[in-house]
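Hi there,

Here is the model I promised to pass along, with my notes below it. Have a look at it first, and then read on.

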Amino acid sequence: MHDIAAQITRQRVFFWSGKTHKVTFRIDALQKLKRAIVANEQKICAALAEDLGKPELEAFVSEIALVTREIDFICRNLRRWAKPQRVRTSLLNAPARGSVRCEPLGVALIIGPWNYPFQLLISPLAGALAAGNCALLKPSELTVHTAAVVSRIIAETFVPEHVCVMQGGPELGQALLNEQFDIVFFTGSTRVGKLVMQAAARHLTPVILELGGKSPAIVDADADLDMAARRIVWGKFFNAGQTCVAPDYLLVHDKVKQALLDRMTARISECYGPDPQQSPDYARIINTAHFDRLAGYLADGTIVAGGGMDRDARYLAPTILDGVSWESSLMQEEIFGPILPVLGFNDHDDVLELTSRRPTPLALYYFSQDAEKQRRVMNAGAFGGGCVNDTVIHLTEHHLPFGGVGSSGQGRYHGRASFEAFSHCKSVLKRGTWLDLPLRYPPYAGKLNWLKALFRWL
Ligand code: NAD
């Protein structure tokens, strides 16, 4: 049994010692973390293969390289980000100098999901360390092999007062949330996200919620169909569709629907061969409960491609479903698996109408060659982030903050946004003492008109 309160106290005492505040300490911690990841690359990939049947290339790209590249990016920029940033000040406050100083929050709780069980713990950890915090990580209980590797790497790399891992399921998650942290960073479902926010509210702890949702891929009549087919099939079936920003459903212009479906079907064969179950490049469903949930969706439409399954092997073929209605169960919940429902539209304006009526997705992808249409779709409605003429890849760009909006989450991270997410950016106005206009001080008699004139002038 974990002694959670005692562990948090140890971390808080370590934080108060001031060690983690030093930028050199933070960079050193990040570099140690990177060295440990590189040294354990094979073990991390093996654990991901055990847990999810994750192909080695997918594991390397999406779980290891994404994180090590981000650590490099942070280390290159951290000294600059951590310096007090001078800001302009208004003449009304002269003489003054304004600055924003980003400071660590304290002890961070990071709760991870199972779909990218390494990256989605370690990438937030990099942000927490960069900002100078201590951190307690809770991996998903569904990816036991990866959780064990993460625990070992962290225990070998950090003193537990600085960073530690606690393994367990929802009960441990709840027990952790009963305690007071200085920030909670949660990645997972919208349902649990609400519980996390409720629990954090008791202590007024700030939360960052990275949740899910139904992210559309929209293909307009003038899109490059070969490119769209390649990029949608890749984004959807990477990690067998168990990606928070995977295209959840396809919305395609009626004029090009058949041509696109033909290309996507052909593309699936090119990527995974005639029998994707034999392909070394195709992952498995996390467990039988999720397998059964996904298999149940197949009745909601007509199978255009795939549909094959093997429950014992938790294998579900890359599947495209046509003839799906907006009202079907498949279209009410996040699919989070290798099933792509297809819906049509016949007027560009309908796209904006159809997508804006639904809960705010984590991502939106739009394929078209027309710059004006691209601009309209990207400006219309709320979604966490997205791509024009591609899928998923925006999350690999360290210069772009990543996060959801509304039901897909709140708060942003990656790159500089990670540093800021785990910091309190404190505003300080340093006043000069050689001038002190008497206008603001009582007694106010005769001063209001002067003040109004001053406000008009400045
Ligand atoms: P989940 O919400 O079931 O679990 C996530 C984590 O929360 C796990 O560690 C779990 O043990 C813990 N947990 C579960 N119940 C809890 C409770 N009552 N109290 C405290 N902790 C609890 O999510 P999941 O099934 O692991 O992941 C899938 C979901 O995550 C999908 O909705 C997906 O879209 C989303 N996701 C989002 C992102 C993103 O970056 N926005 C990334 C990956 C996954």
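Let me start with the disulfide: the torsion about the S-S bond of C102 and C425 is about 100°, so this disulfide is right-handed. C102 sits in strand 2 (residues 96–104) and C425 in strand 18 (residues 423–431), so the pair ties together parts that are 323 residues apart in sequence. The S to S distance between C102 and C425 is 2.4 Å, and the structure holds one disulfide (a pair of cysteine sulfur atoms within 2.5 Å). Helices (H or I, at least four residues) and strands (E, at least two) are DSSP runs, numbered from the N terminus.

Some background before you load it: this is a predicted model, where local features need pLDDT of at least 70 and side-chain atom pairs count only at pLDDT 80 or more, while totals for chains, interfaces and linings use all residues. Residues are numbered from 1 along each chain as its sequence is written, and side-chain values use heavy atoms, with hydrogens and water left out.

Next, a helix pair. The axes of helix 3 (residues 41–52) and helix 6 (residues 144–157) come within 7 Å and cross at roughly 155°; axes are lines fitted to C-alpha atoms, for helices over the stretch in contact, and angles run from 0 to 180 degrees between N-to-C directions. That makes helix 3 roughly antiparallel (over 145 degrees) to helix 6. On the helix 3 side, K43, I44, A47, L48, E50 and D51 are in contact (heavy atoms within 4.5 Å) with V144, H145, T146, V149, R152 and I153 of helix 6.

Finally, the cavities. There are two of 30 Å³ or more; a cavity is a set of points on a 1 Å grid over the protein atoms alone where a 1.4 Å probe fits but cannot get out, and lining residues have an atom within 4 Å of a point. Grid points are joined across faces, edges and corners, and a volume is the space filled by probe spheres set on the points.

The largest cavity holds about 50 Å³ of space. Its lining consists of G213, K236, G241, T243, C244, A246, P247, D248, E334, I335, F336 and G337.

The second largest cavity has a volume of about 30 Å³, and L109, L176, L177, E179, F181, V184, A200, H203 and T205 line it. Helix 7 (170–178) and helix 8 (190–203) are the elements that give two or more residues to the lining of this second largest cavity.

Best wishes

How values were computed
1 Å grid on protein atoms, 1.4 Å probe; cavity = no way out; pocket = protein on both sides within 12 Å on 5 of 7 lines; lining within 4 Å. Parallel < 35°, antiparallel > 145°, perpendicular 65-115°, else oblique.
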